[in-house]
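Subject: Handover of a structure and its findings

Dear colleague,

Please find the structure below, together with its sequence.

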Amino acid sequence: MDFIFIQFLNGLSSASSLFLVASGLSIIFGVTRITNFAHGAFYMMGAYVAYTLTESWMGALGFWGGLIAAAVAVAILGALIEIVLLRRIYNSPELFQLLATFGVTLVIQDLVIQIWGVDDLLGRRAPGMKGAVEIFGQAFPTYELMLIVLGPLCLGALWLLFNKTRWGVLVRAATQDRMMVSALGVNQAWLFTGVFTLGVFLAALGGAVQIPRDAVHNAMDLQIIVEAFVVVVIGGFGNVLGAFLASFIIAELNAFGILLFPKISMILMFLVMAVVLVIRPYGLLGKAEAHPRTALGSVIRPWAPLSKLGKNWVLALGLALVFLPMFAGDFLLNVSTEILIFALFAASLHLMMGVGGMVSFGHAAYFGLGAYGTALLVKFLGLSMGATMVLAPFLAVAGAIIFGWFCVRLSGVYLAMLTLAFAQISWSVIFQWDDVTGGDNGLLGIWPDAWAADQTSFYYVTLAIVGISVYAIRRIVFSPFGYTLRGCRDSLLRADAIGIDRLRIQWFGFVLAGSFAGVGGVLFAYLKGSVFPDYISIPLSVDGLVMVLLGGIQTVAGPIVGAGVFKALSTFIISHTEFWKIILGSFIIVLVVAFPQGIVGFFLEHFSKKKDSIEEGKS
Amino acid sequence: MKSKLDVHSLNSYYGGAHILTDVHLKAHESEVVALLGRNGAGKSTTFASLVGLVEKCSGSVIFNDEEICGKPTHEIVRLGLGYVPEDRRIFTDLTVEENLLVGKQPARDGVREWTTEMLFEFFPNLAEMRNRPGGQMSGGEQQMLTIARTLMGNPSLVLLDEPSEGLSPKIVEEMASAILEMKKYGLSVIISEQNLHFAKLISDRAYIIEKGVIRYEGTMTELAQNDEVKNAYLAV
């Protein structure tokens with residue numbers, strides 16, 4: 001009993017800093033609509049800066065002052081990033097800001113290692129709070145007690161801020177209707193900067209208060225960002241009280257889950273999130289949005305089949321790819337094969353989010369299921385490559401059928417987070433089911449049949465399958481089914497009103513996208529000769545998102561170009577420097593600012609402007 | 001009379017579509033002007049263009065001797081050009097008082113300065129529901145609130161987009177007297193209307209817009225007697 005109570009208190013103290021981080025994320029999203037991927041990185045920065053400051057400043061004042069100063073310093077950094085970077089891209093398609101903050105995350109991850117090194121750092125204990133209090137005969141650290149109080153204290157402070165100050169009222173108004181706020185004379189830009197700064201301050205403070213509890217290390221960001229997203233989704237986006245409740249639930253779940261269900265403790269929070277979303281599609285305290293928004297914003301330029309110029313480009317690219325093995329060495333061929341596979345992966349994700357309007361944060365699930373399907377068929381049934389290639393994608397299809405059924409019932413970020421939950425659940429099953437999947441060690445020895453074993457032959461196999469699949473996806477986009485799917489994306493209400501069964505249409509689109517990703521996974525398993533849980537992990541899903549957004553989500557060809565650029569860039573940079581994250585991150589940031597509609601979007605815009613002016617000149 | 005707002009060859013585009021063509025419009029101090037036209041004629045787009053809420057527009061909009069075309073929305077509004085959109089856009093989660101607080105702007109020289117209390121006197125209905133969330137108000141009450149909210153910015157000219165739409169006759173009457181009261185305080189008001197009857201009650205002059213082009217301008221009295229124009233552009 002005593003032990004259980006202490007464990008409960010432990011949960012409470014973790015809940016506090018989780019709440020700080022999650023409430024910041026929630027506020028930022030509520031007002032600016034930015035899915036701030038860098039939030040975890042700011043949390044980590046907060047911890048590192050606090051470590052440095054508390055090491056150099058003496059005494060109690062130095063310690064507590066150091067924590068606050070660290071949060072303030074990181075908040076200033078956040079404000080600068082908002083002003084210099086994010087302000088330029090508020091008018092880009094939603095989620096494009098996600099790409100920018102992803103770039104920021106990469107840069108910060110590397111900077112942290114450059115400045116503080118790779119070793120874990122143990123921070124100073126809080127002066128005057130080094131001891132423990134006896135509760136039911138058990139010792140409980142005083143500092144943890146202080147943290148327990150900190151959470152509700154911050155909730156109270158935020159409540160006062162949002163209800164008793166004009167600035168807070170403006171923020172709440174902007175959460176509901178940004179346009180109307182500026183039509184009443186409020187400068188949105190500064191309001192956004194203020195909100196972003198406040199959110200970053202909370203994240204950094206959450207990180208700073210961790211230093212007496214835990215070692216500071218350079219993987220803190222990923223750990224917290226996923227948890228914070230889950231909290232925000234369970235609580236309801238933009239709802240601070242919801243974030244508070246959800247932090248409590250998740251932290252207690254972590255505290256007790258490890259005791260009660262050690263096997264599935266890693267995915268417990270995703271299970272809970274999935275259940276909450278199925279019952280309450282907008283989180284515990286969230287509300288349905290009055291004007292449901294698609295992830296795309298408005299598509300101004302309707303998609304059209306390829307023009308003559310476009311066809312020539314495709315033809316040229318196809319020819320170049322066919323003749324590539326004549327002058328490319330094995331390494332280049334290997335990289336090219338991989339790029340082709342990721343082009344298919346990105347194209348399938350685009351089918352889901354660009355065409356279907358269903359943003360997926362967990363698209364690696366279907367890629368990974370395809371890869372593991374391959375490995376299992378080869379290992380346990382000893383099937384040939386041909387048979388495997390036909391059968392293995394069905395594991396991805398099965399996954400997409402089950403996950404998709406739940407996902408299409410949600411929309412927007414909630415849908416995206418549910419896809420992430422399913423991907424994590426799949427990952428966890430694969431990671432922990434040692435006997436079948438080999439767990440962390442993966443499954444090795446999955447090689448193509450002899451005729452396709454050399455680099456060139458396998459390249460051609462990949463080129464053929466990817467070529468056919470991408471062509472098929474394009475045909476789907478311009479088929480009646482594709483029109484219907486796009487109709488559901490652009491206006492659910494109108495699609496309903498003309499008698500479209502949108503759930504079925506979107507479900508089918510979801511499954512199609514998943515199966516093409518599965519095909520990519522099959523090819524990838526054969527290319528690498530092995531499968532690992534990485535193939536189904538969050539970073540791979542994020543890579544897919546980056547490719548689609550970088551290429552231009554509002555274009556059909558975007559994902560292919562995005563995959564090529566991203567994969568080629570990262571392969572090149574990684575093989576040339578150890579600072580690859582800084583360079584790749586900066587690249588992404590520059591691309592985001594230079595091509596606010598994605599790379600392909602930029603060129604289309606550029607070309608069509610020329611065309612328009614020619615037409616105007618004629619008339 | 002001094003000219004408050006002077007619009008010349010205003011063109012607006014939405015996506016690829018050309019919505020307004022060479023629109024011109026004038027309003028003097030303490031004048032109520034009606035912009036009349038059928039559904040989809042371009043009334044709302046005209047207002048949205050004046051406050052900088054359309055994607056692309058060109059032309060000249062002189063407000064208080066200053067060119068405002070191309071300025072960001074919040075700057076235009078801060079110069080004293082108030083805007084009440086057609087769909088009201090009350091902040092439903094905010095209380096009446098909080099809605100008013102969002103509209104608050106510093107006082108401006110030579111313009112009546114409104115306080116919450118003055119507006120509660122002006123719209124007595126609102127005074128009784130200070131702490132009610134905007135989402136729990138009737139359409140008429142919301143319409144009063146949205147006008148009050150814009151007045152909190154101490155504007156010298158107010159654009160009212162279809163203020164009578166969807167309101168009961170009694171509320172429409174209250175609305176008319178409120179607008180005349182605003183005029184008395186020295187404000188200029190431009191209303192957009194499909195309903196000639198309501199516009200006739202309060203307006204000094206009128207413009208008629210059709211397919212994004214101004215087809216008629218004149219005093220309200222002239223228009224009321226001109227059956228030909230009324231039938232051509234306003235009759236349903």
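This is a predicted model: local features need pLDDT of at least 70, side-chain atom pairs count only at pLDDT 80 or more; totals for chains, interfaces and linings use all residues.

Residues are numbered from 1 along each chain as its sequence is written, chains are lettered from A and ligands numbered from 1 in the order in which they are written, and side-chain values use heavy atoms, with hydrogens and water left out.

Chain B and chain A

In this interface, 21 residues of chain B are in contact with 19 residues of chain A; contact means heavy atoms within 4.5 Å. The size of an interface is often given as the accessible area lost when the parts come together. Here the buried area is about 1900 Å², and carbon and sulfur atoms give 59% of it. Buried area is the accessible area (1.4 Å probe) that two parts lose on being put together, summed over both. Of the area that chain B buries against chain A, 28% is supplied by B:Arg89, B:Phe91 and B:Val102, more than by any other three residues.

B:Arg89 also takes part in a salt bridge with A:Asp177, at 2.8 Å from N to O. The rule, a side-chain nitrogen of Lys or Arg within 4 Å of a carboxyl oxygen of Asp or Glu, finds two salt bridges across this interface. On the side of chain B that touches chain A, helix H2 (73–78), helix H3 (96–103) and helix H6 (139–151) of chain B each supply at least two residues. Helices (H or I, at least four residues) and strands (E, at least two) are DSSP runs, numbered from the N terminus.

The two domains of chain A

An automatic or database domain assignment divides chain A into domain 1 (2–279) and domain 2 (328–610). Their centres, taken over C-alpha atoms, are 31 Å apart. The contact takes 38 residues from domain 1 of chain A and 41 residues from domain 2 of chain A.

Between these domains about 3400 Å² is buried, with 82% given by carbon and sulfur atoms. How many salt bridges does the rule find across this interface? The count is zero. On the side of domain 1 that touches domain 2, H4(A) gives the largest share, 13 residues.

A pair of aromatic rings is described by the distance of the centres and the angle of the planes. Rings of Phe, Tyr and Trp (its six-membered ring) pair if their centres lie within 6.5 Å; planes under 30 degrees apart count as stacked, over 60 as edge-to-face and the rest as tilted. Over all chains there are 35 aromatic pairs. One of them is the tilted pair of A:Phe406 and A:Phe422, 5.9 Å centre to centre with 40° between the planes.

A:Gly123 is located in the loop between H4 and strand E1 (132–135) of chain A. A:Gly123 touches A:Tyr51, A:Glu55 and A:Ile211, not counting residues up to four places away in sequence.

Yours sincerely
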